[in-house]
Amino acid sequence: MPPNLTGYYRFVSQQNLEDYLQALNINVALRKIVMLLKPDKEIDHQGDHMVVKTISTFHNYVMEFEVGVEFEEDLRIVDGRKCQTIVTWEEEQLVCVQKGEVPNRGWRHWLEGEKLHLELTARDAVCKQVFRKVR
């Protein structure tokens with residue numbers, strides 16, 4: 001049975017974010033701003049229904065979905081694109097595939113103790129972020 005990811009998580013660390021942003025063709029000025037952010041995550045996980053909020057001083061992003069159901073995701077606030085998205089469980093990892101203009105785009109979340117791990121992919125870039133559960 002997959003873990004329940006419900007909770008509020010504070011940013012701890014990240015690796016390779018700039019390469020990930022370049023893979024999405026984010027302009028240099030915006031990349032510099034994003035590199036300074038330390039976003040939090042808030043997840044509400046009720047069965048197959050999930051709401052994942054990325055919270056920062058620059059911009060908040062809310063993703064609401066049903067696990068296993070494909071939907072159109074509007075990512076215009078991120079990089080000006082829309083894509084077809086599906087989120088599924090692969091054992092203990094929540095895995096998102098975002099089909100669209102950018103190949104190999106998606107992410108995966110998993111827990112290790114009180115730490116929430118996030119791996120973001122786009123093209124050949126892989127960014128890793130870690131968050132600590134605070135409630």
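Student: How many helices and how many strands are there in the protein chain?

Tutor: The protein chain has 3 helices and 10 strands, where helices are DSSP runs of H or I with at least four residues and strands are runs of E with at least two, numbered from the N terminus. Read from the N terminus, the order is β-α-α-β-β-β-β-α-β-β-β-β-β.

Student: What makes the protein chain as compact as a globular protein of its length?

Tutor: Its radius of gyration is 14 Å, close to the 14 Å that the globule rule gives for 135 residues, so the chain is as compact as a globular protein of that length. The radius is taken over C-alpha atoms, and the rule is 2.2 Å times the number of residues to the power 0.38. Along the principal axes, the C-alpha trace spans about 40 × 30 × 25 Å.

Student: What kind of model is this, and which conventions apply?

Tutor: This is a predicted model, in which local features need pLDDT of at least 70 and side-chain atom pairs count only at pLDDT 80 or more, while totals for chains, interfaces and linings use all residues. Residues are numbered from 1 along each chain as its sequence is written, and side-chain values use heavy atoms, with hydrogens and water left out.

Student: Why is Arg-135 called exposed?

Tutor: Exposed means over 50% relative accessible area, buried means under 20%, and partly exposed is in between (1.4 Å probe, protein chains only). Arg-135 has a relative accessible area of 61%, so it is exposed. Arg-135 sits in the segment after strand 10 (125-133). Even so placed, Arg-135 touches Gly-7, Tyr-8 and Glu-42, leaving aside residues up to four places away in sequence; a contact is heavy atoms within 4.5 Å.

Student: What is the phi of Asn-25, and why is Asn-25 called exposed?

Tutor: Phi of Asn-25 is near 60 degrees, a positive value in a residue other than glycine. The relative accessible area of Asn-25 is 52%, so this residue is exposed. Asn-25 is found in the loop between helix 1 and helix 2 (28-36).

Student: How many residues line the largest pocket, and of what classes are they?

Tutor: The lining has 31 residues, of which Tyr-20, Val-34, Thr-54, Tyr-61 and Val-78 lie nearest the centre. By class, 20 are nonpolar, 8 polar and 3 charged. Ala, Val, Leu, Ile, Met, Phe, Trp, Tyr, Cys and Pro count as nonpolar, Asp, Glu, Lys and Arg as charged, and the others, Gly among them, as polar. Helix 1 (residues 17-23) gives the largest share of the lining, 3 residues. A pocket is an open set of points on a 1 Å grid over the protein atoms alone, where a 1.4 Å probe fits, with protein on both sides within 12 Å along at least five of seven lines; lining residues have an atom within 4 Å of a point.
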